[in-house]
Amino acid sequence: MNMLIGWLTGLIANCITLAARFITGARAIWLGCHASHNRRLYFANHSSHGDFVLLWASLPALLRKRTRPVAGAEYWQNTALKRFISQRVFNAVLVPRGSQGAGNPLAPVQQALADGDSLIFFPEGTRNLSESPLLPFKSGIYHLAHACPDLELIPVWITNLNRAMPKGRYLPLPLLCTLRFGAPIKLQDEETKVAFLERLRLALLAMSREDV
Amino acid sequence: MNQTLWLFAGIGLLMVLATLVGKLLAWRKGNDAVIANLNARINAWWVMVFAIGIAFMFGLYGVILLFFLVSFYALREFLTLTPTRDSDYLALVAAFYFALPAQYLLIAIHWYGMFSILIPVYLFLLMPILSSLGGDTTHYLERTAKVQWGLMIAVYCVSTVPALMTLNIEGYEGRNLMLIAWLIFVVQLSDVLQYCCGKLFGKHKVAPKLSPSKTLEGLIGGVLLATMLGAGLYWITPFTPWQAALIALLVNLLGFAGGLVMSTIKRDQGIKDWGHMIEGHGGMLDRIDSVCFAAPVFFHVVRYWWA
């Protein structure tokens with residue numbers, strides 16, 4: 001039974017990956033680094049619910065197995081289908097939004113890192129539906145980097161997905177999306193939270209420019 | 001059938017020759033960017049020749065499917081680089097999911113009247129209506145004009161190639177595939193020969209601001225050679241040798257102009273290539289820009305005087 005479910009989830013994952021790639025022609029451009037088995041945290045701009053699917057789909061198949069998206073528990077747990085997709089298919093790390101509930105909301109994320117998994121993370125915390133390219137980063141990503149000093153933080157700029165999968169529409173448009181992977185960033189000794197978040201933000205914005 | 005085999009055998013021989021020359025150059029000159037790009041282009045040509053060959057084996061429907069896909073990839077490249085807004089969603093849905101399949105369906109059912117006005121008339125009116133429903137006035141005319149332009153180039157113009165299959169030419173029944181082969185062969189060979197002549201003898205830039213790689217020597221050499229080849233291949237067309245030469249000259253000049261126009265748009269947008277799907281060439285639109293301009297005029301010339 002477990003084998004059957006494993007096979008089924010693998011098949012669904014492949015179907016979703018293929019569909020995402022076909023519709024968006026997803027093109028990964030590794031500008032600052034190569035695909036690697038190092039434990040990494042890919043942090044990207046967030047404008048669509050499809051963001052993590054596309055980022056996940058653009059990784060080589062072997063890396064996908066050890067790379068888990070970090071997603072909001074409220075959205076991904078409220079129906080059985082979403083629960084199945086987020087937990088079984090994508091093996092997502094679900095975190096409660098905001099600071100509700102007791103304890104550290106990032107505890108499951110830190111546990112995943114401790115297990116040696118790589119993560120897909122959206123430091124803006126919520127989808128950016130404004131005209132500005134990036135919302136201010138939440139401090140969670142700093143705490144993760146602080147807890148794992150050897151963690152490689154990779155900026156990934158996703159273009160056009162907000163046009164291919166606009167908010168509140170069901171039918172995606174087959175427009176081309178590009179993912180630009182930047183150079184790894186690590187937390188430096190005695191770097192403050194504000195300085196680190198700003199450095200991450202600028203590194204991500206730098207990937208949004210077409211000429212790099 | 002004999003003609004098809006001869007033509008593809010000739011193209012195959014040409015490809016083998018090109019591949020050998022490419023390999024020889026790579027061996028003689030080593031790591032040279034121009035040579036590497038040349039070899040990437042030749043490899044991509046193999047794939048394109050095979051795709052066309054397979055489509056030809058399936059006749060009308062094969063050709064329709066092939067050019068439907070060409071249109072799809074060209075349209076997505078064009079619209080990806082067109083800054084539409086959220087309000088254009090319905091118009092883009094209509095472009096991708098209605099106009100594109102409908103245009104090719106009309107060819108399949110031989111409905112010429114609707115085929116020739118669906119996009120230039122009905123979609124021309126429908127698209128701005130759909131865009132206006134979103135209630136966003138920012139760059140409204142610019143957005144709708146660009147989406148319409150993309151549909152015309154990527155869908156309407158490209159679809160006139162398979163539409164050649166629907167023409168009834170007296171004494172040429174059942175051979176329309178050869179008309180398509182002749183057009184694609186002459187126009188694409190003109191591109192290749194312009195590139196070769198430009199690289200070998202190019203000195204004077206013909207449009208330095210629009211497309212710095214196009215030279216006068218390349219233009220004259222490429223167009224003349226391709227025109228002679230087009231005339232030499234008159235036996236696969238309904239044309240006499242002189243007619244074939246004149247029409248080849250016409251489509252080659254249009255092809256050159258198409259490359260120039262599309263290059264002007266790219267320059268205006270600040271991009272080098274439309275996309276990345278064809279190694280060494282760029283995107284689909286980079287490869288078919290000349291066909292987009294040559295095919296509609298060719299279609300109507302043949303339809304007016306021969307069909």
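In what order do the strands of the open sheet in chain A lie, and what is the sense of their pairing? The legends below begin with that sheet. The model is predicted, so that local features need pLDDT of at least 70 and side-chain atom pairs count only at pLDDT 80 or more, whereas totals for chains, interfaces and linings use all residues. Residues are numbered from 1 along each chain as its sequence is written, chains are lettered from A in the order in which they are written, and side-chain values use heavy atoms, with hydrogens and water left out.

**View 1. The open sheet of chain A.** Seven strands follow the order β1-β7-β6-β2-β5-β3-β4 in chain A, with mixed pairing; strands are DSSP runs of E with at least two residues, helices are runs of H or I with at least four, and both are numbered from the N terminus. Two strands count as paired if DSSP finds at least two bridges between them. At the edges stand β1 (27–30) and β4 (93–95) of chain A, each of which pairs on one side only. Neighbouring strands are turned against each other by 25 degrees on average, direction ignored, the axes being lines fitted to C-alpha atoms (for helices over the stretch in contact) and angles running from 0 to 180 degrees between N-to-C directions.

**View 2. The pairing of β1(A) with β7(A).** β1(A) and β7 (residues 178–181) of chain A run parallel and are joined over four bridges. Within this pairing, I29(A) has R180(A) in β7(A) as its bridge partner.

**View 3. The salt bridge between D150(A) and R39(A).** The closest N and O atoms of D150(A) and R39(A) are 2.8 Å apart in this salt bridge, a term that requires a side-chain nitrogen of Lys or Arg within 4 Å of a carboxyl oxygen of Asp or Glu. Because D150(A) lies in the loop between α7 and β6 of chain A and R39(A) in the loop between β1 and β2 of chain A, the pair ties together parts that are 111 residues apart in sequence.

**View 4. The interface of chain A and chain B.** The contact (heavy atoms within 4.5 Å) takes 17 residues from chain A and 16 residues from chain B. One salt bridge is found across this interface, and R169(A) forms a salt bridge with D86(B), where the closest N and O atoms are 4.0 Å apart.
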